[in-house]
Amino acid sequence: MTTHHPDLSTLMSYSAGSLPDAIATVVAAHLSVCSHCSRHVQEAEQIGISLLEELEPAPLSAGARDDILAMLDDTEQVAEPAKPAKQNVPDNADVPAPLRHLLGHYLDDLHWKTMAPGLKQFILPAAESNLRLLKIAPGTCMPSHGHTGSELTMVIRGSYSDELGRFCAGDVADLDPDVQHQPVADTHEGCICLIATDAPLRFNGLVPRLLQPFFQL
Ligand SMILES: [Zn+2]
């Protein structure tokens with residue numbers, strides 16, 4: 001059961017295909033565990049399809065028709081992408097499916113990089129520096145920070161609390177630039193979360209600010 005969801009506007013942008021890749025990955029991960037939001041996205045897609053159907057068909061010029069036929073010919077010649085060989089892919093049963101294939105290792109076996117005591121990160125190679133996993137030890141406090149852009153966070157394992165409430169596995173925090181928060185991992189298990197940002201974070205403390213360039217935050 002998830003209690004925190006992406007904003008409706010984020011879901012609409014997702015269904016329109018207009019979100020940056022990193023943020024879209026977090027939304028896809030949430031949709032795989034949240035039927036409530038999946039329904040919203042299906043409805044938005046249905047509205048998009050109805051709008052397309054209402055468009056008046058415009059006649060094609062002979063040239064455009066030929067171009068489209070040529071494009072279709074090219075498409076037919078594209079070979080089927082090779083299916084990846086079945087390797088010993090870890091099952092990562094508690095990881096949402098859209099994230100699983102990006103990892104290639106068990107969550108605990110990733111090359112976690114220590115950022116501060118109790119705080120490790122793993123930047124997902126497929127998405128440059130905009131998509132990362134953070135592993136926060138039980139009871140550890142993240143430095144207080146704001147954002148210069150949007151931040152979408154999904155809890156993968158464990159839970160954390162901040163000014164906005166308690167976030168458990170599957171929950172998403174959809175943060176606007178004006179939100180200032182200081183997440184603290186809950187004491188029993190700690191927390192692993194998936195974070196997508198579209199602009200650098202804005203730390204208040206001097207030390208985190210000095211360290212920021214080293215961790216691509
Ligand atoms: Zn949801």
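Predicted model: local features only at pLDDT ≥ 70, side-chain atom pairs only at ≥ 80, totals over all residues.
Residues are numbered from 1 along each chain as its sequence is written, and side-chain values rest on heavy atoms, with hydrogens and water left out. Local features require pLDDT of at least 70 and side-chain atom pairs count only at pLDDT 80 or more, whereas totals for chains, interfaces and linings use all residues.

The zinc ion is coordinated by His-5 (ND1), His-30 (NE2), Cys-34 (SG) and Cys-37 (SG) at 2.0 to 2.3 Å, donors being N, O and S atoms within 2.8 Å of the metal (3.2 Å for Na, K and Ca). The angles subtended by the four donor atoms are 100 to 115°, which makes the arrangement tetrahedral (all angles between 85 and 135 degrees). Along the sequence, the donor residues follow the spacing H-x24-H-x3-C-x2-C.

Helices are DSSP runs of H or I with at least four residues. The axes, fitted to C-alpha atoms over the stretch in contact, with angles from 0 to 180 degrees between N-to-C directions, come within 9 Å for H1 (residues 8–15) and H3 (residues 35–54) and cross at roughly 50°. Contact (heavy atoms within 4.5 Å) joins Leu-8, Leu-11, Met-12, Tyr-14 and Ser-15 of H1 to Cys-37, His-40, Val-41, Ala-44 and Glu-45 of H3.

For H1 and H2 (residues 21–31), the axes come within 11 Å and cross at roughly 105°; the two helices are therefore roughly perpendicular (65 to 115 degrees). Here Thr-10, Leu-11 and Tyr-14 of H1 meet Ala-24, Val-27, Ala-28 and Leu-31 of H2.

Methods: Tetrahedral: all angles 85-135°; square planar, octahedral: opposite > 155°, others 65-115°. Parallel < 35°, antiparallel > 145°, perpendicular 65-115°, else oblique.
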